[in-house]
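Open the model in your viewer and keep the selection panel at hand. We will go chain by chain.

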Amino acid sequence: MRRLTPYLLALPGWMWLAIFLVVPMAAMASVSLQTGNAIDGYAMTFSVSNYTDALGRYSTQLVRSLLYGGMATVAMLAIGYPVAYWIAFKGGRRKSVYLFLLLLPFFVSFVLRTISWNFLLADNGILFGTLKGWGLLPADFHVLATTFAVVGGLTYNWLPFMILPIYVALERVDPRVVEAAQDLYATRAAAFRRVVLPLSLPGVFAGVLMTFVPATADPVNAAILGGTANTMIGNIIQTEYLTNLDYPTASALSFTLMAVLLVGIFVYARVLGTENVLEAAAR
Amino acid sequence: MNPRPPLPRHGLPRREAFRLAGLSAAGLALAACGVQGQKAAPPKADEVQDFWSKQTKHGKVVFANWPEYMPEDKGPLEKFAKDTGISYEYKEVIQENADFFGKADPVLRAGQPLGYDVVVMTNGIQLQHMIELGYCVPLDHSKLPNFAANAGQKYKERAYDPGNKYTVPYSSGVTGIAYNTKYVKDDITSIQSLFDPKYKGRVGMMADAQEIGNFGMFALGIDPEKSTEADWKKAGEKLKEQRDNGLVRKYYDQSYIDAVAKGDIWLSMAWSGDVFQRQLAGEPVAFVVPEEGGTIWTDNMLIPKGAANPLDALMLMDYLYQPAVAAELDEFIQFVTPVPAVQDLLREKAKTAKGEDKKALEQMADSPLMFPTEADYARLRGYTPLDNKQQQVFNPIFQSVTQA
Amino acid sequence: MRGIRTGDRLLHIWTWLVIVWLSSPIAVMILFGFNDKQSKSNTTWQGFTLRWYKELFDIADLTTALRNTLVVAVVSTAVTVVIGTMLGLALGRHRFRGLGATNFLVFAAISTPELVMGASLLSLFVSGNVPRDSVTIIVAHVLFSLSFVVVTVRARVVGLDPSLEEAARDLGATAWGTFRQVTLPSIMPGVAAGAMLSFALSIDDYVVTSFVNGSTVTFPLWIVGAVKTGIPPQVNVMGTLIFGIGVLIAIGNAIAARRRT
């Protein structure tokens, strides 16, 4: 019975993933090897040219997406880790309240959030207009329609997905262990580096996985916040699929993206290199 | 990429076997043998007649439309139900043409019904796909007397659906230039203003390939309805130059209107309906149909293949062309109506109305944004009509401008 | 010791700054729910009114859409949390055949672009002749939230000391008893965090839902469609109410936590 436990635990999840993910993805994989067009139909030709063509045409957007996704992930880590740390160790009885407050804005439609950001960040709006009025910013300063806005938008939208898993990992660390470490090592920084950080790594790994991957594939932020040279791969996939009805190219691009992300995550797990993380995720 | 002929369909027994093997295997099998081609030969006239002669009134109709595209009390539909005895189901299920088509395509391709009798779609790429793939039921114009009598001439001559074979307009709008009068002191009349270096970084263009393509062509004096591949390339170059010179801030979806009203951009390609709303709200935006030309787009009603109640659908489509009904609809939607008689009806109504209502009705009836002038109409063109092959050339030209 | 206190204080302030940053667009949303707008566009402040609160449920389709969204979010979160926690436990605690493949699947579910997930699910449903409605929406939402719960729970489970569970079993507790009284409490923060993430993902999803919804309309779908002619302020009010109820729950939680100690 004990030996069966993991299989029984995993069974419902497996079934869900097998029926609703593996089967359709296998179909998509087959579409990515077909040629034709929407009107005359697509036929299986086992052609890998969809992949090479798509990569040739859209490598700029793919590289850019990885770059933006990476930048946003670093920003989320820098912003989110201290928050997770403070809530886990100092949040006291109100831990769950803080977490809830962090997530609450995301219970409201993204369309409303977007409209609000456009209002807040308008060139001459409530924020920048005021600063410009005081002469603190040059008159043509703007944030909307820039790379900064896209990366900022990605950071904003996925930040709770970084904070929560780090918190979850940190919270199980006994505060007394941290205090003991602080007594043991000369500085607080050393105590943090030697004790707290290693213990939080599974959370960091989970957080990065849950933010870097969706942020890189995101089609929304570039479309709403970007300028004329911020198109990401997610936007291209949408256009190829919904406007051009080029299902093979869209599928090929998606699989390429997924493969690149998989390699990236694997390498990252290796670099991070804790026994825990490797055991848990990179096998 | 040479289009290859579709593979022959599997024999029935084998397909049945897959079905028995379960839902997931069937899905896999379907995709693995390629997506079936659907190119439909245009239906013959007698077939159409034959189809319609067999239809009877079922007493119900399912109408799929965009949110906020029908008065909240559903007045026009209530009247329709009362006058004809046909009960209606009204569903606000359409958010975007592309998303709707993406969802409808696999269903219709599989020969399954969408569950709607009337669907509203814009005359863009997706509607052309619907027509080309044979997803629309050809209309019987002998049953559309109100349309014949009341639709404006411009709405009967449309390059994307000649002779209104498959569609009739629901509501319409104009793509022109909007500018913020706080920042732009000149009178904008020409499309060249969008290419004027003095507005560097303050110009908004649309991301949609057909919208921006039209404006690239207008700027070069080309009529998009009659344009060729060489014209598209020239327009693409012109637009690329505009982008590379730093004139364009962003390729917008509908959010351009916020940007222009707040002064993030000073002038932009714009849809008349959006600008009208901002003017009502007292924001400093003006609208002009450029002298070189502007675009007229139309949201159309159509009957999707496999609809359960085609005759009831046709009756509803025709009913909405009664001027009084069209007026009620347009008073709420505040776009351009395909029924010109609505303008006088709104003026009539304004005479007896009071206070705020009176003011609003007068503003509507007098606005060239809801009722374009004859001079405006003369300058308006539709999108470039494109079959699938042409789209494969046209789209990349303009997407390489907007999706760099 | 003083350095430590200053550090904690700074972190405390930082946390609140982040909360304020994340919530700042919500403030604008709430404000415009009180806007006495004179046209269909609701983006310029034109005076204060409570009208939209009175007319909150006047748009029948919007009300239905909100209800659909809440039902889908609650049900899909419940399902996701149960099967996700189970899978997370299996992955974090046990070594078994297929562990690597399962990790791979969990990763694949996160990395699948939304559009591809929606489109491929739709063709699956179409080819199986499955009618699209709230049930298919729930199926899809469970699919894309599942990995987030699994990964969060696993981050908690990895490195938890298993000796406590073994002790419980040695003391004669049943497997279920051990789980309920030892395992579950120790992984609860992970489960709760996973549930919150899952709920947030579901309540705000547009792309995947737009493929598998059939003619069932959800709150995000309705809003995206309404952009065409102008989003009515009732949408802001509904957003405000969702947010307000959330804040009330948070306050209630905080008070309850104080009572317990």
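How far apart do the end C-alpha atoms of residues 250-269 of chain A lie? Select that span: the answer is 28 Å, and the span is 100% helix and 0% strand. Helices here (H or I, at least four residues) and strands (E, at least two) are DSSP runs, numbered from the N terminus.

Before moving on, note that this is a predicted model, in which local features need pLDDT of at least 70, side-chain atom pairs count only at pLDDT 80 or more, and totals for chains, interfaces and linings use all residues. Residues are numbered from 1 along each chain as its sequence is written, while chains are lettered from A and ligands numbered from 1 in the order in which they are written.

**Stop 1: chain A**

Now keep residues 191-213 of chain A. The chain is 100% helix and 0% strand there, with the end C-alpha atoms 31 Å apart.

**Stop 2: chain C, whole**

Chain C has 11 helices and zero strands. Its C-alpha trace spans about 70 × 65 × 30 Å along the principal axes. Of the 261 residues of chain C, 53% count as buried. Buried means that 20 or more other C-beta atoms lie within 10 Å of the residue's own; exposed means 12 or fewer, partly exposed in between, with C-beta atoms placed from the backbone.

Next, contacts. Two residues are in contact if their C-beta atoms, placed from the backbone, lie within 7 Å. Among the contacts in chain C with a separation of 6 or more, 80% join residues 24 or more positions apart.

**Stop 3: inside chain C**

How many residues of helix 10 (residues 219-226) of chain C are buried? Eight of its eight. Among them are C:Phe219, C:Leu221, C:Trp222 and C:Ile223.

**Stop 4: where chain C touches chain A**

Bring chain A back. The contact takes 85 residues from chain C and 81 residues from chain A. On the side of chain C, several helices each supply at least two residues, including helix 3 (60-93), helix 8 (175-203) and helix 11 (233-260). Helix 1 of chain C gives the largest share, 15 residues. By class, this side of chain C has 57 nonpolar, 23 polar and five charged residues. Ala, Val, Leu, Ile, Met, Phe, Trp, Tyr, Cys and Pro count as nonpolar, Asp, Glu, Lys and Arg as charged, and the others, Gly among them, as polar.

**Stop 5**

**Stop 6: the domains of chain B**

Colour domain 1 (45-172 + 297-363) and domain 2 (173-296 + 377-402) of chain B. Their centres, taken over C-alpha atoms, are 27 Å apart. The contact takes 16 residues from domain 1 of chain B and 19 residues from domain 2 of chain B. On the domain 1 side, helix 6 (125-132) and strand 9 (294-302) of chain B give two or more residues. Helix 6 of chain B gives the most, with three residues.

**Stop 7: strand 1 of chain B**

Zoom to residues 60-64 of chain B. Four of the five residues of this strand 1 are buried. Strands pair if DSSP finds at least two bridges between them. Strand 1 of chain B pairs with strand 2 (residues 87-91) of chain B in the parallel sense over five bridges. Look for B:Phe63, whose bridge partner in strand 2 is B:Tyr90. Strand 1 of chain B also pairs with strand 3 (residues 118-122) of chain B, parallel, over two bridges. There, B:Ala64 has B:Val119 as its bridge partner.

Methods:
Domain bounds come from an automatic or database domain assignment.
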